[in-house]
Amino acid sequence: ASQVLATIRKNNPQLANAIDKALPDTFGKAWNDKKVSAHHAIIPTLRTTSLAKLAPSESTIYALISKQYIAQFYPDFTYKTQRIDTRIEGGIFQARSRKTITEGWKVLFNRSKAEDAEANTPALPTVKKGDMLDCTDAELKEKETQPPRPFNDATLLSAMTGIARFVKDPAIRKILRETDGLGTEATRAGIIELL
């Protein structure tokens, strides 16, 4: 890890500050060899090169891979969620709140205003089971159920790895949950291409 981080620093000095704040002795779930089948994740090369020699798209990809690699050496992103279930005329309505506690690895990535708003919503009032509340406003929205979207390469790959969720037979579903899904990491792309 220290060698890869040192190479990233040489290749992309803009990430030096992020590397300085990383904790390279931290080994999280990404280091669990029992979860590796065909090969480990894509990581930055140990080869030193100038980013100026790369095409802009290659430089961007290198930076993205580097940030993802550095992120595993940052603390966890932690947050607090609240949920209140309210029964109104026999229906259950939920109110949710989410507050960021520590940014952790997310400091490495630029978030949109919408993502920030979603990560931090107003806190809910303190209530206890059985409290009576007044419903001050309600709105009924009529919508139609949409059919599932057709598969694309990414969603098909996801479906292959989590194929159990598409199977109704409980015995077969259990067997499929114990596997890595259809195919292996090395063969799934070929299967999709053949399909």
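The questions and answers below concern a predicted model.

Me: How many helices and strands does the protein chain have, and what pattern do they follow along the sequence?
Reply: Because the model is predicted, local features are taken where pLDDT is at least 70. The protein chain holds seven helices and two strands. Read along the sequence, these elements give the pattern α-α-α-β-β-α-α-α-α.

Me: What radius of gyration does the protein chain have, against that of a compact globule of 195 residues?
Reply: The C-alpha trace spans about 65 × 45 × 30 Å along its principal axes. For a compact globule of 195 residues the radius of gyration would be near 16 Å, whereas the protein chain has 23 Å.

Me: What percentage of the residues in the protein chain are buried?
Reply: The accessible surface of the protein chain comes to about 15,900 Å², and 55% of that surface belongs to carbon and sulfur atoms. Counting as buried a residue with under 20% relative accessible area, the buried share of the 195 residues is 19%.

Me: What share of the contacts with a separation of 6 or more joins residues 24 or more positions apart?
Reply: A contact here requires heavy atoms within 4.5 Å. Of the contacts in the protein chain with a separation of 6 or more, the share that falls to residues 24 or more positions apart is 58%.

Me: Which element gives the most residues to the lining of the largest pocket?
Reply: The largest pocket has a volume of about 700 Å³, and 23 residues line this pocket, with Asp85, Thr86, Arg87, Ile88 and Leu133 nearest its centre. The elements that give two or more residues to the lining are β1 (78-88) and β2 (91-102). With five residues, the element that gives the most is β1.

Me: How many residues in the lining of the largest pocket are nonpolar, polar and charged?
Reply: The lining of the largest pocket comprises 23 residues. By class, these residues divide into four polar, eight charged and eleven nonpolar.

Me: Is Glu89 buried or exposed?
Reply: Glu89 sits in the loop between β1 and β2, and its phi is near 50°, a positive value in a residue other than glycine. Its relative accessible area is 82%, which lies over the 50% cut-off, and therefore Glu89 is exposed.

Me: Is Thr7 buried or exposed, and with which residues is Thr7 in contact?
Reply: Thr7 belongs to helix α1 (residues 2-11). Because its relative accessible area is 7%, under the 20% cut-off, Thr7 counts as buried. Leaving aside neighbours within four places in sequence, its contacts are Thr45, Leu46, Arg47, Thr48 and Tyr62.

Me: How far apart in space are Val4 and Ile84, C-alpha to C-alpha?
Reply: Val4 is found in helix α1 and is buried, with a relative accessible area of 8%. Not counting residues up to four places away in sequence, Val4 touches Ile43, Pro44, Leu46 and Tyr69. Ile84 lies 80 residues from Val4 in sequence, and their C-alpha separation in space is 46 Å.

Me: What separates the C-alpha atoms of Pro56 and Pro148?
Reply: Pro56 has its place in helix α3 (residues 56-71), where this residue is exposed, with a relative accessible area of 68%. Pro56 and Pro148 are 92 residues apart along the chain, and the separation of their C-alpha atoms is 37 Å.

Notes: Residues numbered from 1 in each chain as written. Predicted model: local features only at pLDDT ≥ 70, side-chain atom pairs only at ≥ 80, totals over all residues. Heavy atoms only, no water. 1 Å grid on protein atoms, 1.4 Å probe; cavity = no way out; pocket = protein on both sides within 12 Å on 5 of 7 lines; lining within 4 Å. Points joined across faces, edges and corners; volume = space filled by probe spheres on them. Helix = DSSP H or I, 4+ residues; strand = E, 2+ residues; numbered from the N terminus. Nonpolar A, V, L, I, M, F, W, Y, C, P; charged D, E, K, R; others polar. Rg over C-alpha atoms; globule rule 2.2 N^0.38 Å. Buried < 20%, exposed > 50% of the residue type's maximum accessible area, 1.4 Å probe, protein only. Areas by Shrake-Rupley, 256 points an atom, 1.4 Å probe, with all protein chains shown as cover.
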